[in-house]
Amino acid sequence: MNDLQPIRFPGMNSRRPLVIAGPCSAETEEQVLRTAHDLAAEGISIYRAGLWKPRTKPGGFEGVGVEGLPWLARVKRETGMYTATEVATREHVAAALEGGVDLLWIGARTAANPFAMQEIADALRGVDVPVLVKNPVSPDLELWIGAVERIHNAGIRRLGVIHRGFTSIDKSLYRNHPMWSIPIELHRRLPGLPIFCDPSHIGGKRELIAPLSQQAMDLGFDGLIVEAHCTPDCAWSDKAQQITPQTLAYICRNLVIREMSVTTENLTELRARIDKIDDELLELLARRMRVSQDIGQYKKEHDMPVLQAQRYEELLARRAAQAVEIGMDREFMRTVLQAIHEESIRQQMRILGRE
Ligand code: PEP
Ligand code: MN
């Protein structure tokens, strides 16, 4: 995918981050216009509003549909902003393009479905419109890349992605777990693909929008898509996570944008130190695996099972507690140990001839 073109529109400055903002849903003409005027006054130049709302359960507000298209056209006319909406079917694509919407995004539930993605891709063939693909609800990088590839194969070159977090079985601070390693790996695989962060859907609450936006900037994301509403407490969907245009502007003004291209001598030296430590880590892991193989050999000779659950549980608990004492995250330590343990088991299974 080395033929991508930038998402920017004519007349827009090239500062990072590119901010897309607007309500979760277009509700009424008045709410759409008022929010847009307030955002435009704060210097935001791309307006988002959902017309077709994919709701987890029936009965919620499912969007105003095509009725909202003339409202978005008025936003363009009156504020000069560019407009964006979510599309999930070929009919949505046709209606949005016909209605003059400038940018389309594909939601997390749709991105998880290859049939729906292909239908949208087919509807986009021959059209030059910027498209952003949200991550699928499950933490499945290949599914996300597949969704992007379908749109790319349809000829779309102004293409990007939105990281909106992943459904997780663990209850956590977030509505959708950020699992930053996934967008980071996506960037490693497709370095030219712009990545937007959606702190509203990751956080699920207003207070998390500023810290999540800052984290995204620190990781070098290209832009943000944030839910903003003229009266957030009265929003018809996602009200806990919507902020006023004024609050959004305040958050944006306070973001620290780090220069991605500067590398100093110091950094080179620090990176060399990291590389050295990684070499040592690898060597240590290899040594650990060799001991693990010896244990596998012993278990084979004594007809013992490979997995000894109690020992493993003890090891996880002890090391996770130790990690916390020295300033590391418990979950991080558990993840590292689980990965190491999985490889140990694989190596022992090989010795037992079960692989
Ligand atoms: C939205 O952007 O309002 C939305 C429905 O988001 P997601 O697809 O990320 O759940
Ligand atoms: Mn929403």
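Buried means under 20% relative accessible area, exposed means over 50%, and partly exposed is whatever lies in between (1.4 Å probe, protein chains only). This is a predicted model, where local features need pLDDT of at least 70, side-chain atom pairs count only at pLDDT 80 or more, and totals for chains, interfaces and linings use all residues. Residues are numbered from 1 along each chain as its sequence is written, and side-chain values use heavy atoms, with hydrogens and water left out.

**View 1. R175 in its loop.** R175 counts as partly exposed because its relative accessibility is 39%. Look for R175 in the loop between β6 (159–163) and α7 (181–189); helices (H or I, at least four residues) and strands (E, at least two) are DSSP runs, numbered from the N terminus. Leaving aside residues up to four places away in sequence, R175 touches H201, I202, G203, G204, D238 and Q241, a contact being heavy atoms within 4.5 Å. The side chains of R175 and Q241 also make a polar contact (2.7 Å); that takes a pair of N or O atoms within 3.5 Å, and within protein one must be able to donate a hydrogen and the other to accept it, while residues adjacent in sequence count only if both atoms are side-chain atoms.

View 2. H201 and D238 are both buried.

Definitions and conventions:
Chains are lettered from A and ligands numbered from 1 in the order in which they are written.
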